Amino acid sequence: MKMLSRVDANVAAEIDRQFPQLKQIRELDSDGGMERLAISVFDHWLDDESEWDLLDCFEGEERVRRNKKFEQHWAALFDLTPVYTLRYRGRWPAKAKLVLKRYTDREGFVRQSRFNDYGVPSQFIILPELGCIYAAGWDDTNILYFKNREQAAPVLELATKAGLFCLNPNR
C-alpha cells in the first residue's frame with residue numbers, strides 16, 4: 001500500500017489558506033505567528049547541564065520506552081484525523097517546490113515517525129481538522145503549532161495518554 005497520496009487541488013488550496021505560514025514554519029524554523037507547545041518525553045526543560053546526558057539516548061531500554069510513547073501518540077493521531085505532510089518535488093534547490101501529500105498507510109506513517117539515530121527526524125505533519133502543524137524534533141521533543149488551543153486540545157490529550165508531557169516553550 002502507498003504510504004502517501006496526492007492531495008486534490010481544492011484540498012491543497014484550502015490547507016494553504018488555513019495555514020499561510022506553512023513554508024515559513026517548515027523552512028525557517030519560525031512560529032509563523034502561531035502559538036506553540038512542546039510535546040516531550042521529559043516532564044520539564046533540560047536547563048541544567050547535569051541533565052544534558054538525557055539527550056544522548058540512542059539505544060537500550062530507555063530508547064525503546066521513548067519510542068513506544070511517541071509511536072502510540074503518532075498512531076492515535078493517525079486514527080483521529082487525516083494527516084498531511086509536505087514533500088519537495090523537483091531538482092534541489094533551484095526548482096524544488098513544496099507539495100502537499102496525505103498519509104494513507106498507518107503503519108508506514110508510524111514507521112517513518114520513529115526515532116532514527118542516523119539523522120534528524122524530518123516528520124512535519126499538518127492536521128487541518130484540528131488547526132495544527134506538528135514538527136518532530138531531534139531531542140525527543142516535538143513542537144505543536146496552533147491558533148486555537150481548544151481546537152488543538154485532542155492532540156495534547158493524546159500526548160498525555162501516551163505518557164508524554166506538554167511544555168510551554170516560553171517557560
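**How the terms apply to this predicted model**

Reader: What makes helix 3 and helix 5 a crossing pair, and how is the crossing described?

Author: This is a predicted model, in which local features need pLDDT of at least 70 and side-chain atom pairs count only at pLDDT 80 or more, while totals for chains, interfaces and linings use all residues. Residues are numbered from 1 along each chain as its sequence is written, and side-chain values use heavy atoms, with hydrogens and water left out. The axes of helix 3 (residues 60–80) and helix 5 (residues 149–161) come within 9 Å and cross at roughly 145°, where axes are lines fitted to C-alpha atoms, for helices over the stretch in contact, and angles run from 0 to 180 degrees between N-to-C directions.

Reader: Which residues make the contact of helix 3 with helix 5?

Author: Contact means heavy atoms within 4.5 Å, and on helix 3 the contact is made by Q72, H73, A76, L77 and L80, while helix 5 brings P154, V155, L158, A159 and K161. These residues divide into 7 nonpolar, 2 polar and 1 charged, with Ala, Val, Leu, Ile, Met, Phe, Trp, Tyr, Cys and Pro counted as nonpolar, Asp, Glu, Lys and Arg as charged, and the others, Gly among them, as polar.

Reader: How do you know that the span of helix 3 is close to the expected one?

Author: The expected span is 1.5 Å times one less than the number of residues; helix 3 has 21 residues and reaches 30 Å from its first C-alpha to its last, so its span is close to the 30 Å expected.

Reader: Why are residues of helix 3 such as W74 and F78 called buried?

Author: Buried means under 20% relative accessible area, exposed over 50%, and partly exposed in between, with a 1.4 Å probe and protein chains only. W74 and F78 are among the residues of helix 3 that are buried, as are R63 and R66, and across the chain buried residues make up 44% of the 171 residues.

Reader: Why are strand 3 and strand 5 said to pair?

Author: Two strands pair if DSSP finds at least two bridges between them; strand 3 (residues 84–89) and strand 5 (residues 124–127) have 2 bridges, so they pair, in the antiparallel sense. T85 stands opposite I125 in strand 5.

Reader: What makes strand 1 and strand 8 edge strands?

Author: The 8 strands form an open sheet in the order 1-4-3-5-6-7-2-8, and strand 1 (4–6) and strand 8 (165–167) each pair on one side only.

Conventions:
Helix = DSSP H or I, 4+ residues; strand = E, 2+ residues; numbered from the N terminus.
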